[in-house]
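Biologist: I would like to learn how to read a metal site and its surroundings. Where do we begin?

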Amino acid sequence: MKVTVVGYWHAYPEHGEATSGYLVEEEDYKVLLDCGSGVLSSLQAYCQVTELDAIVLSHYHHDHQADIGAYQYAQIVHKGLGTKRKHPTIYGHIEDAQAFSKLGYRDVVKAVAYDDGQSLQIGPFTLSFLRTHHPVPCFAMKIESKGKTYVYTADSSYFPELAKFAMGADLLIAECSGYKGDQIAQFGHMTSEDVGKLANIAKPKQLILSHLPHFGDHNKLVEEAAEQFAGEIVLASSGLIKE
Ligand SMILES: [Zn+2]
Ligand SMILES: [Zn+2]
């Protein structure tokens, strides 16, 4: 199972980059976890927009789903051009019915609701979900294939069940929206210290810090997380690949 960081910024896409988007691949299957602003453009460095089997959205904040409209238009264009394309499904939760109703588009994009009480099979991937602590309903994801387990925290403040959910993952992609001491738990986000604490309990083989802030020196985030977690920590960057 290969994962490529398509975008990693917190709120908006800095020049030439993107907010949350992670391309997960196994065999011929390609699944995109979140589709924030700039993701559709950045994605094309790694695959065609017609090649995705599915997009799975953690929640409906702009930095996680802003490019869904652009993705729908891309499908319409390529259908019109007769391009060979997959028949993609966008998976989202249904707790915001209005947001969910905008995911499907004509006959080119299907929308399917996921349920955090049930696992979801997409090709070779088995996904399961955990509700996070965030101002709107949001779900962390565990994606398993061929004996490997990757966990993506989506957006959340720290809570012990999140660490339990991520326990023993081969790879943990954790949101790290602030530096040690920043008061961001109230906004449903984690600091480097929180992520270090999470990883120290979950003990992933590798930790990627993502959803990075638009200020400060990101290397400091790694140092601060490392005060809590002794394992391998890397900063997300456009095109970072792990497998
Ligand atoms: Zn959010
Ligand atoms: Zn976010």
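Modeller: With the donors. They are N, O and S atoms within 2.8 Å of the metal; water is not among the atoms, so sites may look incomplete. Keep in mind that this is a predicted model.

Biologist: Which protein donors does the zinc ion (ligand 2) have?

Modeller: D63 (OD), H64 (NE2), D155 (OD) and H211 (NE2).

Biologist: Why is the arrangement around the zinc ion (ligand 2) irregular?

Modeller: Look at the angles. Four donors count as tetrahedral if all angles lie between 85 and 135 degrees. Here the four donor atoms subtend 92 to 158°, so the arrangement is irregular.

Biologist: Which residue bridges the zinc ion (ligand 2) and the zinc ion (ligand 1)?

Modeller: D155 does, and the two ions lie 3.6 Å apart. Now place D63 and D155 on the chain: the pair links distant parts, 92 residues apart. D63 sits in helix α2 (residues 62-65). D155 sits in the loop between β10 (148-152) and α5 (160-165).

Biologist: Are D63 and D155 buried or exposed?

Modeller: Buried, both D63 and D155.

Biologist: Now E224. Why does E224 count as buried?

Modeller: Buried means under 20% relative accessible area. E224 has 6% relative accessibility, so E224 counts as buried. E224 belongs to helix α7 (residues 218-226).

Biologist: What does the side chain of E224 reach?

Modeller: The backbone nitrogen of K180, at 3.0 Å. Leaving out residues up to four places away in sequence, E224 touches Y179, K180 and S192.

Definitions and conventions. Residues numbered from 1 in each chain as written. Chains lettered and ligands numbered in written order. Predicted model: local features only at pLDDT ≥ 70, side-chain atom pairs only at ≥ 80, totals over all residues. Heavy atoms only, no water. Donors = N, O, S within 2.8 Å, 3.2 Å for Na, K, Ca; no water. Tetrahedral: all angles 85-135°; square planar, octahedral: opposite > 155°, others 65-115°. Helix = DSSP H or I, 4+ residues; strand = E, 2+ residues; numbered from the N terminus. Buried < 20%, exposed > 50% of the residue type's maximum accessible area, 1.4 Å probe, protein only. Polar contact = N/O pair within 3.5 Å; in protein donor to acceptor, adjacent residues only side chain to side chain. Contact = heavy atoms within 4.5 Å.
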